[in-house]
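Open your viewer and switch to a cartoon view.

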Amino acid sequence: MRKIYLALAMALIVTAGYAQKKNVNSAYNETWQDAPDFDNARKLIKEAFQDSTTMNWVKTWATAGMVEMKFFETELIKAMSGGSANEEAMYNALKEAYDYFLVAVDLDAKPDEKGKVKPKFTRDIKDQLHTNMEYFYYGGGYFLNKQNNQKAYEMFMIFDDLCKKDFMASFKIDCADSMHMQARYLAAIMAYSAGDKDGALDAFLRSKEDNFNGLDVYNAIANIYAEKNDTVNQIAILKEGIDKFGEEANSSEYGFMSQLINIYINKSDINTAISMLNESLNSDPNNKEYWKVLGSLYYEQKDEANAINALEKAIEIDPTYADAYGEIGRIYYNAAVNESNKANEIQNNAEYRKAKEEIVKPAFQKAIPYYEKAHEYKPDEMGFLYNLKSIYYNIDDGANLERVEKLLGE
């Protein structure tokens, strides 16, 4: 009796498997009809995917792809003939066809029970993909216009990937043509817009080799590394960009060197930042921003002499450079505050008054012309006025104190 039950069970399994293969064949045949029943074909394929005997059968996956590709082509004919086509469903079907075909090609490359590889569907699949390849690019554009950034990214990437797939090699597709370069760039933009930083980084790194919007691509890569807190790769891509594009990379629009310097400053590696600035100034001696930052960094290192010298260089280049004036004013102001603090520790009144008149007041007065110039060229910066107020208070200059207070609205 037990043998009978086992035999019946095996018969049921074989019958079920045969039925599912029949479903796949029916779906396959549907793709050759003039008016395919796509709903029924998809239903049959869905059932085959759920059965153990057909879920890993190459024909199941190949047929699933062919059904979607046939649907795509049917809708495409409608669109090209001026009919009412469902473009979203059309491009979604193209994407699904590609996904199914990839699995089918992989299964088709596996050896049979005799250990031989005899692909049955790959040739037809690659022909269909090659014929319709450019529509993945157009699909990316469609979803871009619909603001479906994730789908746009996927379609652009498929278009780019197709030229690199081993099974497509016989077509000798030019991956360096303008459409592929644009696809890589647009894929990166779409991925970033969709919040997919990893996808964007991958696409931008591909696009980097194209010299297509080169500086924008390098800058985007650097920004993504910054967002990922990957300073090692951020530094590397910025240096690579400077080597490749030269002074254009250091323009006000991109500021690669400034980005590098800020990284080292944030890492408290002031010496490296100073070294890089000096190197940059050798080739770009009229960059007032670099001189100003260099002065600030020297001051951080308590090297006041070199700090003031660098800031004076910035002012030579631009006599109206308010921030450079303000930075020199800050150096002298801080030095005066230190002298004032020392004087305040003097217990003897006569000695205190002498120190204030001979040391403290002259120290504060050094800062005045720089802060006044800074205010002249940048009148909306209240910080300059507040320090001037403090200075005039400390040197007992009532007239100028009143003038500055009025400017502050006090």
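Predicted model: local features only at pLDDT ≥ 70, side-chain atom pairs only at ≥ 80, totals over all residues.

Residues are numbered from 1 along each chain as its sequence is written, and side-chain values use heavy atoms, with hydrogens and water left out.

**Stop one: α2 and α3**

Select residues 38-49, helix α2, and residues 58-80, helix α3. Helices here are DSSP runs (H or I, at least four residues), numbered from the N terminus. The axes of α2 and α3 are 10 Å apart, and the two helices pack at an angle of about 160°. An axis is a line fitted to C-alpha atoms over the stretch in contact, and angles run from 0 to 180 degrees between N-to-C directions. α2 and α3 are therefore roughly antiparallel (over 145 degrees). Their crossing is left-handed, meaning that the near helix is turned anticlockwise from the far one by less than a right angle.

Now show side chains. Nonpolar covers Ala, Val, Leu, Ile, Met, Phe, Trp, Tyr, Cys and Pro; charged covers Asp, Glu, Lys and Arg; the others, Gly among them, are polar.

**Stop two: α13 and α14**

Next, select 270-283 for α13 and 288-300 for α14. Their axes come within 10 Å and cross at roughly 150°, so α13 and α14 are also roughly antiparallel. α13 passes α14 in a left-handed crossing. Look for Ile 274, Leu 277 and Leu 281, which are among the α13 residues that meet α14, where the partners include Trp 291, Leu 294 and Tyr 298. What kinds of residue make up the contact of α13 with α14? They divide into 11 nonpolar, two polar and no charged.

**Stop three: α7**

Select 149-162, helix α7. Is α7 mostly covered or mostly open? It is mostly covered, with 10 of its 14 residues buried; buried means under 20% relative accessible area, exposed over 50%, and partly exposed in between (1.4 Å probe, protein chains only). Tyr 153, Phe 156 and Phe 159 are among the buried residues of α7. The buried residues pack against α4, α5, α6, α8 and α9.

**Stop four: Gly 329**

Find Gly 329 in helix α16, residues 322-344. Gly 329 is buried, with a relative accessible area of 0%. Leaving aside neighbours within four places in sequence, Gly 329 is in contact with Ala 367, Tyr 370 and Tyr 371.

**Stop five: the loops**

Go to Lys 114, in the loop between α4 and α5. Lys 114 is exposed, with a relative accessible area of 69%. Its C-alpha atom is separated by 75 Å from that of Asn 286, 172 residues apart along the chain.

Most residues other than glycine have a negative phi. Select Asn 211, which is not a glycine but has a positive phi of about 60°. Asn 211 lies in the loop between α9 and α10 and is exposed at 53% relative accessibility. Finish at Lys 302, in the loop between α14 and α15, where phi is positive, near 65°. Lys 302 counts as exposed, at 75% relative accessibility.

Key
Parallel < 35°, antiparallel > 145°, perpendicular 65-115°, else oblique. Expected span 1.5 Å × (residues − 1). Contact = heavy atoms within 4.5 Å.
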